[in-house]
Amino acid sequence: MIVGEQKPLKEILALLAPYKEVLVLGCGACVTVCLSGGEKEARELALLLRLKGFAAEATSVERQCEREFIMPLEKTISAFSAVLSLACGVGVQTLSEVFPKIPVFPGLNTSFMGAPLGVGVFEERCIGCGECVVHRFGNICPVARCAKNLLNGPCGGSKNGQCEVRPNRDCAWQLIYERMQALGRLEELFAIQPPKNWAPSRFGAQRKIIREDVRP
Amino acid sequence: MALGIIGCERSGFPALCALGRENPNIWDRIAGVIPVPCLGGVKEETIFEALLWCDTLLLVGCPPSSCRNTWGSTLAEKRVARISQLLEEAAVPKKVFCVFAHLNRLGELKARVLG
Amino acid sequence: MSLLQELLDRGVFVVTAEIGPPKGTDRASFEKKCVQVKGYVDAVNVTDNQTAVVRLSSFASCLIACEAGLEPVMQLACRDRNRIALQSDFLGACALGIPNFLCITGDHQSLGNHPEARSVFDVDSIQLLSIFRKLRDEGVFANGEKAKGEIRAFLGAGENPFADPLEFRVFRLAKKVEAGAQFIQTQAVFDLEIFSRWMEEVRRFGLHKRVHILAGVIPLKSLQALRYMKEEVPGMVIPRWVEERMERAQDPKEEGIRIAVEIIEALRRVEGVRGIHIMAVAWESVVPEIVQRSGLFPRPMQGGGEGA
Ligand code: SF4
Ligand code: SF4
């Protein structure tokens, strides 16, 4: 899922300052699960904005990233002078594409693709590199989870299983090592991994997939 | 300054009534009272909605140690802390407090209500 | 031709030292460090924006070291450059006569003074070694295209025997050797026990015959320096006895030198250790004394013996 967190309130208020009638639009997908941009959060934020003097309302759609779910909002949206989207960055953009005339602002910082680990804890798992190699590492992805995306083993800073870069962050390579050891596949880690092909990643160019087989 | 009260039916609400019997004039300050089964079930949304018609909102309930639902008052405290922070960040001049009271413990409530 | 390589191939117990480029264009201060260590070391490592703090480039500083009559080991970190820039700098350095290279992944930028920078990490140190080796030995770039001209380069890497997971460390070394490392400079050794165990493993796999291992040594300047390293420097293990001695010391600098000299003596007795690498960060002036007191002076180029 995509994990995001609400922008600092000050920033949101600054973005909305020139407007009065504001629609806070939640999204029913990932950001609902990560408790940052669902219907509940949209309603709370709208109320807070009303306390601040905005004529704010809240609503939510199933998925803001898809035009089909946004199009029915046409009538609702016309009553507002701005929309604060609590979807991920994809939703914000789709919304603006569908309603190009109304100012749309992001209410979230879209953080990463990850998994919920427990109540209120989310952790990055994948950066969508475009050429998945996770199986070579016991299905613990060093591209996304090692701070230096090392493919050939841990750097010299891993200590007590923690990454040198940030406290309370597991060293991906410690996890990989333990997993591969438990699986009896340690020797697979001794092979030198060649430089990664980053062309299919976001460092290549904007990614686009066209599935001719399913197109009319 | 309009005062709003969300009171737990087990302790907060009876405590408020007791205080009212002692000081009937408190009712002049109170813009509204919402009785609830437990503070733990009071959602952020309810708190924000109440703040639309009052300036100071008190969530009055059992002391955490005697909350029937164990975590009710503790959860309420957390929510109140979060909302207070949001109000402060947004510079909205309204206040929310958690107040713990029952019939034999009116002190804190009295202080908040009578200012 | 690399003098360092020649000495190691001849079996000389070598001494290298690290010198850090200045935070600016003050080449005089860098030249001063060069003069301080000259004659006492066989080569100097020139760090590449170490700890992710911006400094005079490693490339330029290596050339200054050459002018000062020292043989440089150019450190190249993967943090700031992709495979295009790394190969290009490598070619440039080779063309200008820099003979030795140390391929490192590099400290993460968030630990340095530009934490908002974007890192590269296109390749890691092992991949970089194999790219340089192929460029040198087969004359081809990372993409397989032919490169023109001859390349001479003595390739090295770092290794930290003290980082977790400990058991993986020797395999990582093996990968580096496989990828093309001809010499290894280790993280500073304080814990001789862990180091000896690691070396045992190294010998068990016969790696000491395939790569020259130079053990890292850091002279401690003060108790604060020790505490800082212990807490802040990733992958550093400092045993209690070192701390106790520094705590008790009347003259901490002298004690720091003494400890360094003792560690060097112990390291010289470890089979497979082919030299030492002194990292006297911001205390380069102490290098001559340590080399002398360790009985490693004069160096071969000054007509000294061949060492152990
Ligand atoms: S290898 Fe790439 S696609 Fe696969 S999990 Fe890692 S980042 Fe995601
Ligand atoms: S400590 Fe582990 S996760 Fe962190 S950069 Fe080093 S190898 Fe990667």
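Biologist: Which residues are around ligand 1?

Modeller: This is a predicted model, in which local features need pLDDT of at least 70 and side-chain atom pairs count only at pLDDT 80 or more, while totals for chains, interfaces and linings use all residues. Residues are numbered from 1 along each chain as its sequence is written, chains are lettered from A and ligands numbered from 1 in the order in which they are written, and side-chain values use heavy atoms, without hydrogens and water. Around ligand 1 are Cys126(A), Ile127(A), Gly128(A), Cys129(A), Cys132(A), Val133(A), Val134(A) and Cys141(A), where a residue is near a molecule if one of its heavy atoms lies within 4 Å of it.

Biologist: What makes residues of the shell around ligand 1 nonpolar, polar or charged?

Modeller: Ala, Val, Leu, Ile, Met, Phe, Trp, Tyr, Cys and Pro count as nonpolar, Asp, Glu, Lys and Arg as charged, and the others, Gly among them, as polar. The shell around ligand 1 therefore divides into seven nonpolar, one polar and no charged, whereas that of ligand 2 has eight nonpolar, one polar and two charged.

Biologist: Which residues surround ligand 2?

Modeller: Among them are Cys146(A), Lys148(A), Cys155(A), Cys163(A), Glu164(A), Cys171(A) and Trp173(A).

Biologist: How do you know that strands E2 and E4 of chain A pair?

Modeller: Two strands pair if DSSP finds at least two bridges between them, and a strand is a DSSP run (E, at least two residues), numbered from the N terminus. Four bridges join E2 (residues 21–27) of chain A to E4 (residues 82–85) of chain A, so the two count as paired, and they run parallel. Val24(A) in this pairing stands opposite Leu84(A) of E4(A).

Biologist: Why are E3 and E5 of chain A called edge strands?

Modeller: The open sheet has four strands in the order E3-E2-E4-E5 (chain A), with parallel pairing, and strand E3 (55–61) and strand E5 (104–106) each pair on one side only.
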